[in-house]
Amino acid sequence: MNSWLARLKQKTYNTTFMYNLRLIIAFAGTAFVPYYLDMQIATIPLSLGVVAAGLSDIDDRFSVRIMNSLYTYIGFFITGVCIYILFPHPVLFAIGLLVACVGFILLGSLGRRYSSISYGCLVASVYAMLGVELFDNWYTQATLLFIGGAWYGLLSTISFLLFPARQAQDNLAECYSSLGDFLFSKSDLFDVDMTAKSYQQSMIEVSLKNSQLNNIFNEMKTVLLTRLKGDRGQKDTRRSLQYYFVALDIHERADSAHTDYQKLVKVFEHSDILFRFQRILFLQAKACKDLSNSIFKRTTYEHNKRFEHSLANLKQSLDKLRSEKQYAPDWINALFSLYENLKAIDAQLQNVETERHILLDKKNPVLNQLKDDDLKGWEDIKVRIKQHLTPESVLFRHAIRLSLVLFMGNLVVQFTDVQYGYWILLTSLFVCLPNFNATKRRLYTRMMGTLVGIIIGDIILYFIPSLEGQLIFLIIGGTLFLSLRSKQYAHATAFITILALINFNLDGTGSMASVPRMLDTLIGCAIAWFGVSFIFPDWKFRRLPRTINRSLQAQCDYLSEVTTQYKSGYNHGLNYRMVRRAAHNTEAEVASLISTLATEPDFDPKEKTLAFEFLCLNHTFMSYIAALGAHREQIQDQEVIQLMEDALAQIQATLLRDEALDFNIDERLQNIRQRLVQSIPEDHKSLIILQQVSLIFSILKQLNRLKQTLSHEGTDKPAQSVAI
């Protein structure tokens, strides 16, 4: 009995299982309630209402979730009514389509809540076009779309009330899983067989993993912030917040670089010391994966006892290397600094489950420890929307592009006799994304998924003629579409195609819809490709120099804050974490931008090579600063503090203003290092500062040269107008 209850508990805490169960119940209701009421045609808008609601569902606290749902489903009703009223008037319908599309997308500038509402309403409006001729009254289809959405919303809210912290826990598990992936990629930098080419590939991999991790951190912050606003001292919420902070601290230490890894490998290629570092990093990556699994399964994390032995052996090996004096002191100091970082990561992982790590200090409100990006009033709304009323805004370009794509799809429908023509608009809506590369990938998966879905759907309609059997497959198709849409889009497209064919069959036209459905998909994909290629094409607004400058500015701000704390003392407050996150986020923007350049047409191969070279060097610069941040605490040596301030001024002048260096950093570093080694050998923090400043200056000229070269390679051309 206890074993059965344990398995049941594990299933109820499995988010995927509970989400799929919720979807099955939702689609079962839309399929079989009309069946028993002898109103089978109502299944079409009801099931499409569930799909639209599922696409617009977001995780939020209870009060906001209720308001989001209310706004969304009222939006379904209003768009359904507007489609019915404007449909007989092609000119007014086209104008309304343009205005509504631009308005809905720009509404997304107000935040993720409004973005989800607007997207759901856009999807519902196209669904309403598909069924506008099925009902005689203006309110019937709109009401059924509303009911379908509200039915899904009711089930979603019940699920939230039963398991309010589950989504936050799952996001937290994803954070640690991605952190493990980052550590795995970082461990590759200690490969003694690494060549110059493999080193660059490893650095690119580390940078891209770092970019993915930062995106997940940002999503987790949003989830935590909305939960903390409705928090009533719940321990689970506070625990999740502390786990999040621990992950950020581990990331800062893991992202640190205390030396040039390429040179380090050459120096110690015949020693076992790098294998020991690589093995511990690998074990810590696995520990993050284990912690992720523990969070996901709601079990207690058990820290691997092998870490104590491995770290002790590493320390003995380092002491032996230092006593033998075979290697230069700078290399040994760098390895000791790295050892301290790994030891600190181990301590974080070992203590993450203990109660002393859970923030319960009511004098220091938890909410104040995260930056709130929510709307503050009407002035904030006007400012955010105004910021996007320019072609420089990705959101504005997407709004104009998608509205014109839908407009062109509507023209095809109006001036041709294509059957089920509004599937063209639906296809274009789903595949036309803000990013050219993402759109290109989705075009292929949409076409392949539709073809497979048509084949399977026709087989189902042929071999399962009974209505009850087809409704069961409708439930399966809808459930798997929403479950797989963000993971395996081709499979998801196949299942939504099956749902569509069964819906058509409820109107008696299922078998005849297969070929038109495929043709409409091809036309919709062609129009979407035309849109992303010629309407505000993404690559003509690629401001690589501007993105680079923003990243360098944020990293200099991070270095400035670290320098301040070496003067005034350790402070892990909100300001420090905001500056650190801004630096990581802008670095992630550079990585994301450069990683897409290879997919864009007419991009100069020489410039692409330079861009990837900058990507590696920019991440190295960030890693050197992170190492300073990881060891930050107040020091008393005024000469070292003055060196940091002077170095910061020169770094800012070089990277932000393109000014030449005007002092001999090597001579000053050498003088201070000799004094420290002779008089205060135990002043480890000052030696770390000298080492990191030296590393930063070793790449400063090359970093600035790459920045200037990329700025003059034609990547910052004036924005071009819409080309059609």
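**Reading rings, cysteines and surface in a predicted model**

Q: Is tyrosine 244 buried or exposed?
A: Tyrosine 244 is buried, with a relative accessible area of 2%. Buried means under 20% relative accessible area, exposed means over 50%, and partly exposed lies in between (1.4 Å probe, protein chains only). The model is predicted: local features need pLDDT of at least 70, side-chain atom pairs count only at pLDDT 80 or more, and totals for chains, interfaces and linings use all residues. Residues are numbered from 1 along each chain as its sequence is written, and side-chain values use heavy atoms, with hydrogens and water left out.

Q: How many aromatic pairs are there?
A: Rings of Phe, Tyr and Trp (its six-membered ring) pair if their centres lie within 6.5 Å; planes under 30 degrees apart count as stacked, over 60 as edge-to-face and the rest as tilted. The count comes to 20 aromatic pairs. In one of them, phenylalanine 32 and tyrosine 35, the ring centres are 6.0 Å apart and the planes are at 85 degrees, so the pair is edge-to-face. Both residues lie in helix H2 (residues 15-36), three residues apart, about one turn of the helix. Helices here are DSSP runs (H or I, at least four residues), numbered from the N terminus.

Q: Why is the pair of phenylalanine 217 and tyrosine 244 edge-to-face?
A: Their ring centres are 6.1 Å apart and the planes are at 80 degrees, so the pair is edge-to-face. This pair links distant parts of the chain: phenylalanine 217 is in helix H9 (residues 196-229) and tyrosine 244 in helix H10 (residues 235-254), 27 residues apart. Phenylalanine 217 is buried, at 0% relative accessible area.

Q: Which residue does arginine 442 lie over?
A: A charge sits over a ring if NZ of Lys or CZ of Arg is within 6 Å of the ring centre and within 35 degrees of the ring normal. Arginine 442 lies over the face of tyrosine 489, at 3.9 Å from the ring centre. Arginine 322 lies over the face of phenylalanine 336, at 4.1 Å from the ring centre.

Q: How many disulfides does a search of the whole structure find?
A: A disulfide is a covalent bond between the sulfur atoms of two cysteines. The search counts a pair of cysteine sulfur atoms within 2.5 Å, and it finds zero disulfides. The sulfur of cysteine 432 is 8.8 Å from the closest cysteine sulfur, in cysteine 101, which is too far for a bond. Cysteine 432 is buried, with a relative accessible area of 2%.

Technical notes. Helix = DSSP H or I, 4+ residues; strand = E, 2+ residues; numbered from the N terminus.
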